[in-house]
Amino acid sequence: MISVEHLTKHYGHFTAVDNVSFTAATGRVTGFLGPNGAGKSTTMRIMVGLTRPSTGHVTISGSDYRELVNPGLEVGVLLDASAQHAGRSGREILAIAAQTMGLPRSRVSETLARVGLTESEAERRVRNYSLGMRQRLGLATALIGDPQVLILDEPANGLDPAGIRWMRDLLRGFADAGGTVLLSSHLLHEIEVIADDIVVIGQGRIVAQGSKSELLAAAGTLVRTADPERLARALAEASVTTTPIDGGLRVDADPELVGETAHRAGVALRELRAADGAGLEEMFLELTAETAREGAAA
Ligand SMILES: Nc1ncnc2c1ncn2[C@@H]1O[C@H](COP(=O)(O)OP(=O)(O)OP(=O)(O)O)[C@@H](O)[C@H]1O
């Protein structure tokens, strides 16, 4: 388990991480989702002792990362797949990792097979690797010590859709065997595919967290009609909150109630369905738009 408690990081007057608390539970894949610059990497660097927090702290399986004697045996870390020595082959990089952790050399071939790198790919220098191959090698370095916890910053970056499904299955197997996985992404879709639990961060703050099913179920109903204003008035009379969307409404109620209310109000519907994920997507787009505006202003 990873426990993040009231973490704050200031850079001068800028607050990159602002009172962030969450846990990544054992047996679950937790997705850490946020737009560029939201504070994901800073939080993960603090977790593994590379950046000091201004306040707050993180424990991994009850310990501070910096107290671990042989950290690679307990926590597998992938922060930047491009940071691997470009002049070495994949096999050499894994052999060095195995040696540093005091592992038998046989672990190198086993781990290469686990991440789907062939023997001939492993002989190539990393400078000739695609981004997807670097991610697989980075994941291999994280896995080689057979840790219980994985901390992965944007591990799906550069993977094609089949690669993302492959990673989902690998991380699913890891969590089902009792492991803890925390992975970050700036893409909602990746997190939806891979994660069981989701923590959403925007501008250094946690803006939502829960299981994927909870967050998706909270999305309500999508309804389209030629007369959304009239339907919104009828729903408001029933004390139901609505949000206008293109050609209709997002409603904080189940589709049955929306259909009955529309029928009573004499409003013909064009579409009525559970808004799976739409609430999360809207919230995420708002976060992204705010960041994009900041970027434009800068
Ligand atoms: N060493 C530093 N000095 C000053 N500001 C920093 C430093 N490191 C990060 N920041 C700022 O902190 C904010 C959060 O950055 P961080 O890299 O944690 O975001 P992120 O969510 O990982 O984004 P991305 O998806 O782009 O990697 C950004 O505005 C960044 O510019």
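Domain bounds here come from an automatic or database domain assignment. I started with that because the first thing I looked up rests on it.

**Entry 1: the whole chain**

I am working with a predicted model, and I keep that in mind throughout. The assignment gives me domain 1 at 2–210 and domain 2 at 220–275. I looked up how far apart they sit: the centres of domain 1 and domain 2, taken over C-alpha atoms, are separated by 42 Å. For the chain as a whole, the C-alpha atoms fill a box of roughly 75 × 45 × 40 Å along the principal axes.

Next I checked the secondary structure and found 11 helices and 13 strands. Of the 298 residues in the chain, 40% are buried. I also looked at contacts with a separation of 6 or more, and 70% of these join residues 24 or more positions apart.

**Entry 2: the sheet**

In what order do the 6 strands of the open sheet run? I read the order as S5-S6-S7-S3-S8-S9, with mixed pairing. Strand S5 (75–78) and strand S9 (205–211) stand at the edges with a single partner strand each, so one side of each has no neighbour in the sheet. From one strand to the next, the twist averages 15 degrees.

I then picked out one pair from that order. Strand S3 (residues 29–33) and strand S7 (residues 180–185) run parallel, and 5 bridges join them. Which residue of S7 is the bridge partner of Phe32? I found Ser184 there.

Helix H5 (residues 131–143) lies across S5 and strand S6 (149–152).

**Entry 3: the ligand**

I listed the shell around the ligand next. Tyr11, Phe14 and Ala16 are among the surrounding residues, and so is the run Gly34, Asn36, Gly37, Ala38 and Gly39. Lys40, Ser41, Thr42 and His186 complete the list.

Which elements each supply at least two residues of this shell? My notes have strand S2 (14–24) and helix H1 (40–47). The largest share, 3 residues, comes from H1.

Finally I sorted the shell by class. I get 4 nonpolar, 7 polar and 1 charged residues. For anyone setting up a calculation on this site, my summary is a shell with 7 polar residues and its largest share from H1.

Methods:
Residues are numbered from 1 along each chain as its sequence is written. This is a predicted model: local features need pLDDT of at least 70, side-chain atom pairs count only at pLDDT 80 or more; totals for chains, interfaces and linings use all residues. A residue is near a molecule or strand if its C-beta atom, placed from the backbone, lies within 6 Å of it. Helices (H or I, at least four residues) and strands (E, at least two) are DSSP runs, numbered from the N terminus. Ala, Val, Leu, Ile, Met, Phe, Trp, Tyr, Cys and Pro count as nonpolar, Asp, Glu, Lys and Arg as charged, and the others, Gly among them, as polar. Two strands pair if DSSP finds at least two bridges between them. Axes are lines fitted to C-alpha atoms, for helices over the stretch in contact, and angles run from 0 to 180 degrees between N-to-C directions. Two residues are in contact if their C-beta atoms, placed from the backbone, lie within 7 Å. A residue is buried if 20 or more other C-beta atoms lie within 10 Å of its own, exposed if 12 or fewer, and partly exposed in between; C-beta atoms are placed from the backbone.
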